[in-house]
Amino acid sequence: MSGSPTGAEAEPAVTEAEPVTAVDADADADAAAVAAPPPVLSVRGLSVRFRMRGGAHVAAVTDARFDLAAGECLALVGESGCGKSVLASALLGLLPENAQTAGAALLGDGTDLLTADERTLARTVRGRRVGLVPQSPAAHLTPVRTVRSQLEETLRELTGVRRPALREAGEAAAERAAFPAGHLDRYPHELSGGLAQRAATALALIGDAPLLLADEPTTGLDRELVDRTVDELRRHVGDDRALLMITHDLAAAERIADRVAVMYASRIVEIADAADFFGDPGPRHPYARGLLDALPDREFRPVPGMPPELSALPEGCAFAARCERADEACAVVPVLPAEPSSGAACHHPVAAALEASRA
Amino acid sequence: MLELRSLTAGYDRRDPVVREVSLTVGPGESVGLLGPSGCGKSTLARVAALLHRPDRGEVVIDGEPARGWRHRAPRAQRTAFGVVFQQPRLSADPRLTLTQLIAEPLRATGRGAEAPDRVRDLARTVGLGEDLLTRRPHEVSDGQLQRACLARALVLRPRWLICDEMTAMLDASTTAALVTAVEDYRADSGAGLLAVGHDKVLLERWCDRTVHWDELTRA
Ligand code: SF4
């Protein structure tokens, strides 16, 4: 490793030095790196802008970067309007017409979700390689058809199962999401919130997609139901799938996430190991820290002020107006360190200060 | 004192979701009512705020029995309550700006002249910036709209606040901000509070005492 002073300079050097001729001390590490499967999802420099009437732009997602490995659950947290749902829509190819994207979102097989055309997305990606657990299952389910008929149709589409095996396959699909067989012939409006959520989960699981994307899967559910829903999602991830859960519910994130990404004003401002984030040493980004401190079982103290509008982001760090650590350095946008896989986009991260004062 | 006496209420007379429930909130007290969704606690909250007529039982407000429901409630009783619901989009007229939304109860009671001052004060209390006040509901986030709905609930300086899952859709920081705004208002006005919800951690932190729906209905 060279002692390059900045990440920007170090990066090309590393790429050039990489050719597989490496022997000696690094051989073991390299072998391990080769053996490790590619990430299920690799997001690089993902940005989404909306063109508005009058030529204005809304920067909904800026330069997002993260990897998601098989067996891993990443929770993307942030308040409403921070851009996290737009990021989810981008990954599903469901952005509206006036959206412009940049960067890449690569699946394990190299498919770029940002550039794939609608036909590819519809035929080979949605449901098959990316399963969606929707925000409001009631809206996602077709109101005029029973749960059984929706499961069977999805099975026909995604797995090619035909009658007479279809009926049994539908029941098996329901069972995977713990949806009771006795309710299969009901219509969505006849289901409780919890059962509708399970029906939607069962549908999302049918294609055996390696990536599950859950967009606010627990909004409006009771705590017990939240716990049950996220536990089930976690169980379905197992060792060979990955789960990206987008949520404003920090308790749900803490319950099942391996890693946490915090989004603020269109940017991922911190990525951290969940145990470090929720436990010791805690979040490093002042906003992430403020968000945790707002929880009723912590300080129950709001982050002062409100986030900036995505159409009028300030120069420099977007959190500066609310941040007690802000100084002149913060006039420059802080970047999330590319390596290691955790860090904070902040000029004065909190835990670093703690470590420094301890040292 | 706000007394709910042996209330039975619901939307189907043969199968009321609220059966013989009694609950008292003392002057200036805050009571959290915990229960799973669909249990009937929201219906009880609507009855308590005089928004839904019970099949049986009585609501007594500071010693005076409720004398009507919804628009039939006498104005003095109706305006004793400020109510905030879970879904701000369902309770906010999409055609109004946030300023008009907050001022609506003042205009409805012929006190429109007070609106500019009250709206300015309340916007500060609930943390809404000036620039947001001229927008309409679809131009703001859920959290911002809920702040406006809370301001509207406070605009007539109610003696009683009823918050039905006020923060269920909101992130941790907005939740803490709204609860802080409610508590600041109560500290200032001495108003009592009935907060209905399913989040035990939240209600126990927020309220003087919490009761579980089961305890009310077992009796
Ligand atoms: S970069 Fe500066 S303003 Fe932004 S969060 Fe860090 S300390 Fe605060």
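This is a predicted model: local features need pLDDT of at least 70, side-chain atom pairs count only at pLDDT 80 or more; totals for chains, interfaces and linings use all residues.

User: Is A:Asp109 partly exposed or buried?

Analyst: A:Asp109 has a relative accessible area of 48%, so this residue is classed as partly exposed.

User: What does A:Arg126 pair with?

Analyst: A:Arg126 forms a salt bridge with A:Glu118, at 2.5 Å from N to O. A:Glu118 is partly exposed because its relative accessible area is 44%.

User: And in chain B, which residue does B:Arg14 meet?

Analyst: The side chain of B:Arg14 meets that of B:Asp12 in a salt bridge, with 3.3 Å between N and O. B:Arg14 is exposed, at a relative accessible area of 74%, whereas B:Asp12 is partly exposed at 30%.

User: Which residues are joined into one network?

Analyst: Salt bridges with shared partners connect A:Arg148, A:Arg167, A:Glu171 and A:Asp185 into one network.

User: How many salt bridges are there over all chains?

Analyst: The rule gives 38 salt bridges over all chains.

User: Changing topic: how many salt bridges cross the interface of chain B and chain A?

Analyst: One salt bridge is found across that interface. The partners are A:Glu309 and B:Arg135, whose closest N and O atoms are 3.3 Å apart. There are also five residue pairs in polar contact between chain B and chain A, counted with both residues at pLDDT 80 or more.

User: Which helices of chain B supply residues to the side that touches chain A?

Analyst: Helix H7 (142–154), helix H8 (172–189) and helix H9 (200–206) of chain B each supply at least two residues of that side. H8(B) gives the largest share, namely seven residues.

User: What is the make-up of that side by class?

Analyst: On the side of chain B that touches chain A there are 13 nonpolar, 11 polar and six charged residues.

User: How many residues does each chain bring to the contact, and what area is buried?

Analyst: Chain B contributes 30 residues and chain A contributes 23 residues. About 1,900 Å² is buried between the two chains, with carbon and sulfur atoms giving 58% of that area. The size of an interface is often expressed in this way, as the accessible area lost when the parts come together.

User: Back to H7(B): what span does it reach?

Analyst: H7(B) has 13 residues and reaches 18 Å from its first C-alpha to its last, close to the 18 Å expected at 1.5 Å a residue.

User: Why is H7(B) described as largely enclosed?

Analyst: Of the 13 residues of H7(B), 12 are buried, so this helix is largely enclosed by the rest of the structure. Among the buried residues are B:Gly143, B:Cys149, B:Arg147 and B:Arg152.

User: Lastly, what is chain A made of, and what share of its residues is buried?

Analyst: Chain A has 13 helices and 10 strands. Its 359 residues include 45% that count as buried. Among its contacts with a separation of 6 or more, 64% come from residues 24 or more positions apart.

Conventions. Residues are numbered from 1 along each chain as its sequence is written. Chains are lettered from A and ligands numbered from 1 in the order in which they are written. Side-chain values use heavy atoms; hydrogens and water are left out. Contact means heavy atoms within 4.5 Å. Buried area is the accessible area (1.4 Å probe) that two parts lose on being put together, summed over both. A salt bridge is a side-chain nitrogen of Lys or Arg within 4 Å of a carboxyl oxygen of Asp or Glu. A polar contact is a pair of N or O atoms within 3.5 Å; within protein, one must be able to donate a hydrogen and the other to accept it, and residues adjacent in sequence count only if both atoms are side-chain atoms. Helices (H or I, at least four residues) and strands (E, at least two) are DSSP runs, numbered from the N terminus. Ala, Val, Leu, Ile, Met, Phe, Trp, Tyr, Cys and Pro count as nonpolar, Asp, Glu, Lys and Arg as charged, and the others, Gly among them, as polar. The expected span of a helix is 1.5 Å times one less than its number of residues. Buried means under 20% relative accessible area, exposed over 50%, partly exposed in between (1.4 Å probe, protein chains only).
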